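Please keep the sequence and the model in view while reading the points below.

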Amino acid sequence: MINTLKKQWFVVLIALIFIGFAIFCIYDTNKGKLAGKSISGKDVIASLDKDTNITADDLYTKLYDNYGYGANALTRQFLNAVANESVEMTSDLEDKANKLKAQFQSAAEMYYSSYGYNSSDAYIEAMLLNYGFSADEINEFCITQVKMEKLQNDYIDKNFDTLFDSYFSAKKPRTVSHILIKMEDPDNPTDEEQEKIDAINKALKEGKDFAEVAKEYSDDTSSAENGGYLGLMDTDTSYVESFMKAALKLSSNETSEWVKESNDNYKGWHLIKAGDTTKEELKNNKDIKDTLYTNIANNESNITGTFMWEAAQKLNITYADDNMKQSIMDTLGIKE
């Protein structure tokens with residue numbers, strides 16, 4: 001019932017301009033498949049008349065130098081290549097890639113039905129292009145993303161204490177559960193609503209487990225079956241203000257007073273219980289590891305550039321020239 005904005009597990013570092021990158025992809029797709037005409041060893045991609053030719057190098061130079069698309073596109077391709085060369089595919093990663101594909105397609109369907117995009121396929125095609133992939137490369141896209149996540153999580157593992165301490169201090173993470181009783185008017189509960197509140201108070205006072213009480217009484221059907229458990233939250237989680245303020249005040253295993261809420265989505269009273277709130281508790285909670293690592297990454301402004309460049313240094317990469325290498329470094333925010 002709480003309107004939660006779910007964060008993506010992998011935040012894209014490079015924001016590509018759609019049309020410019022589409023043009024670059026035309027070049028990149030055809031650079032090895034040209035008809036065979038060349039001038040001074042350079043492949044010709046278009047002839048305007050017998051004396052006017054456009055080479056692949058000309059197109060790349062215009063995109064790269066004049067319009068600024070080249071640096072972003074080059075870096076996106078660089079990141080994709082580094083991820084795929086650095087991480088060996090496993091059955092576990094394959095399962096994650098398949099799940100990501102299903103989520104991606106589901107999101108496309110939802111976007112199509114909600115916003116009237118041309119079609120869900122067209123939406124997927126546009127989104128894939130932003131990541132450096134063509135419309136028929138959704139499998140490759142998903143594999144690359146889970147490999148990047150693997151590199152990210154390996155980097156966090158190696159630097160966990162430093163990164164976690166920074167995140168913990170800045171964002172006050174904790175796990176939370178809640179019981180929600182819906183009401184027509186939170187300021188004036190009906191007799192039936194008040195009876196439900198009293199029954200919950202009585203059960204908890206008698207020592208009944210919070211999760212069992214949530215299963216029995218909570219009107220938030222999405223969390224009630226899990227004992228009211230909402231998972232990991234922090235100061236960036238998109239919970240309503242009243243809930244957020246109450247939850248952030250709680251210590252481990254502490255339960256709030258009833259919190260009133262009235263918004264466009266629901267009206268009622270919340271009872272909130274904090275689970276893990278200390279560093280050690282959160283570190284040792286394996287159930288929240290994926291979300292915790294995502295949140296830690298979101299707290300670091302340039303973590304993607306850092307771990308991807310670190311991975312790149314372990315590969316035998318050669319660059320066409322120093323300018324190309326420097327361009328990638330600048331786009332990633334890396335200094336040597």
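**Charge and ring contacts in a predicted model**

On the surface, Lys 96, Lys 99, Lys 286 and Lys 289 gather in a patch of positive charge. The model is a predicted one, and it holds 11 aromatic pairs as well as 12 salt bridges. The points below take up the patch, then the rings, then the salt bridges.

**The positive patch**

- One of the patch residues, Lys 286, has its place in the loop between α12 (279–284) and α13 (289–299).
- Lys 286 has a relative accessible area of 76%, and it counts as exposed because that value is over 50%.

**Aromatic pairs**

- Among the 11 aromatic pairs of the structure is the one formed by Phe 104 and Phe 141, which is tilted, with 5.1 Å from centre to centre and 45° between the planes.
- This pair links distant parts of the chain, since Phe 104 belongs to helix α4 (residues 91–115) and Phe 141 to helix α6 (residues 138–158), 37 residues apart.
- Both Phe 104 and Phe 141 are buried.
- The rings of Phe 160 and Phe 164 form a stacked pair, because their planes lie at 10°, under the limit of 30 degrees, while their centres are 5.2 Å apart.
- Phe 160 and Phe 164 both sit in helix α7 (residues 160–171), where four residues, or about one turn of the helix, separate them.
- Phe 160 counts as buried at 14% relative accessibility, and Phe 164 is likewise buried, with a relative accessible area of 0%.
- Ring pairs also join Phe 104, Tyr 131, Phe 133 and Phe 141 into a cluster.

**Salt bridges between parts of the chain**

- Side chains of opposite charge can pair when their charged atoms come close.
- Asp 165 and Lys 279 form a salt bridge in which the closest N and O atoms are 3.3 Å apart.
- Because Asp 165 lies in helix α7 and Lys 279 in helix α12, this pair ties together parts that are 114 residues apart in sequence.
- Asp 165 counts as partly exposed at 30% relative accessibility, and Lys 279 is also partly exposed, with a value of 30%.
- Another salt bridge brings together the side chains of Lys 171 and Asp 236, at 3.2 Å from N to O.
- Here Lys 171 lies in helix α7 and Asp 236 in the loop between β5 (229–233) and α11 (241–248), so the pair ties together parts that are 65 residues apart in sequence.
- Lys 171 counts as buried at 18% relative accessibility, whereas Asp 236 is partly exposed, with a relative accessible area of 40%.
- The side chains of Lys 260 and Asp 187 likewise meet in a salt bridge, at 3.6 Å from N to O.
- That pair links distant parts of the chain, with Lys 260 in strand β6 (residues 259–262) and Asp 187 in the loop between β4 (174–182) and α8 (191–205), 73 residues apart.
- Lys 260 is partly exposed, with a relative accessible area of 43%, while Asp 187 counts as exposed at 54% relative accessibility.

**A salt-bridge network**

- Asp 161, Glu 280 and Lys 283 are linked with one another in a network of salt bridges.

Terms used:
Residues are numbered from 1 along each chain as its sequence is written. This is a predicted model: local features need pLDDT of at least 70, side-chain atom pairs count only at pLDDT 80 or more; totals for chains, interfaces and linings use all residues. Side-chain values use heavy atoms; hydrogens and water are left out. Patches are made of residues with over 30% relative accessible area and no salt bridge: like charges are joined within 9 Å, nonpolar side chains (Val, Leu, Ile, Met, Phe, Trp, Tyr) within 5 Å. Accessible areas come from the Shrake-Rupley method with a 1.4 Å probe; for residues, only the protein chains shown count as cover. A salt bridge is a side-chain nitrogen of Lys or Arg within 4 Å of a carboxyl oxygen of Asp or Glu. Lys and Arg count as positive and Asp and Glu as negative; His and the chain ends are not counted. The place of a charge is taken as NZ of Lys, CZ of Arg, CG of Asp or CD of Glu. Helices (H or I, at least four residues) and strands (E, at least two) are DSSP runs, numbered from the N terminus. Buried means under 20% relative accessible area, exposed over 50%, partly exposed in between (1.4 Å probe, protein chains only). Rings of Phe, Tyr and Trp (its six-membered ring) pair if their centres lie within 6.5 Å; planes under 30 degrees apart count as stacked, over 60 as edge-to-face and the rest as tilted.
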